[in-house]
Amino acid sequence: MLENKIPERLTTFIDYTGLNQSEFGRLLGFSQGYIGKVLKGKVDFTTGKALKIFNQFPELNPTWLFTGSGEMLFTKQSSAVKSNSSNSEVELSKVMLLLE
C-alpha cells in the first residue's frame, strides 16, 4: 500500500505560495477548515478539489502532488504547454489512473 504523502506535499506547495492555510482555502472557495483537515489526513483530497487548485495554480505539477515524481513546479518551458485548464485536467486524469 502506498503511503499518502499528499498532505506533506500540499503543505510544501502552500508554503511556496506564501499564503497561510486559511488564505489558501479561501482563495479556492473551500469551506473553512477544509485545508487543515486535508493536511492532517482527516478528509480525503478529492479530484474536484484538486482541479480547483490546478486551475488556480497552473504551475503546480499534478504528478508531483499525487505521486511525488518530478518537480513541484512545471518549468517555464513546460508551463507554456500545461497552462490551460484542459491540459491540467489531462495531466490529472493520467495521475488518477496511476493511483487506481
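**Overall fold**

The chain contains seven helices and zero strands. Read from the N terminus, its elements follow the order α-α-α-α-α-α-α. The model is predicted.

Of the 100 residues in the chain, 33% are buried. The chain exposes about 6300 Å², and carbon and sulfur atoms supply 51% of that area. Where contacts link residues at least 6 apart in sequence, 52% of them join residues at least 24 apart.

**Aromatic pairs**

Seven aromatic pairs are found in the whole structure. One of them is formed by phenylalanine 30 and tyrosine 34, in an edge-to-face arrangement with 5.2 Å centre to centre and 70° between the planes. Phenylalanine 30 counts as buried because its relative accessible area is 7%, and tyrosine 34 is likewise buried, at 10% relative accessibility.

Phenylalanine 54 and phenylalanine 66 have ring centres 6.2 Å apart and planes at 55°, so this pair is tilted. Phenylalanine 54 belongs to helix H4 (residues 47-56) and phenylalanine 66 to helix H5 (residues 62-67); the pair therefore ties together parts that are twelve residues apart in sequence. Phenylalanine 54 is buried, with a relative accessibility of 1%, and phenylalanine 66 is buried at 7%.

**Aromatic cluster and a charge over a ring**

One aromatic cluster is made up of Phe13, Tyr16, Phe24 and Phe57.

Tyrosine 34, the partner of phenylalanine 30 in the edge-to-face pair, also has a charged group over its ring: the charged end of lysine 49 sits there, 4.6 Å from the ring centre.

Note on methods: Residues numbered from 1 in each chain as written. Predicted model: local features only at pLDDT ≥ 70, side-chain atom pairs only at ≥ 80, totals over all residues. Heavy atoms only, no water. Helix = DSSP H or I, 4+ residues; strand = E, 2+ residues; numbered from the N terminus. Buried < 20%, exposed > 50% of the residue type's maximum accessible area, 1.4 Å probe, protein only. Contact = heavy atoms within 4.5 Å. Areas by Shrake-Rupley, 256 points an atom, 1.4 Å probe, with all protein chains shown as cover. Phe/Tyr/Trp six-rings, centres within 6.5 Å; stacked < 30°, edge-to-face > 60°. Lys NZ or Arg CZ within 6 Å of the ring centre and 35° of its normal.
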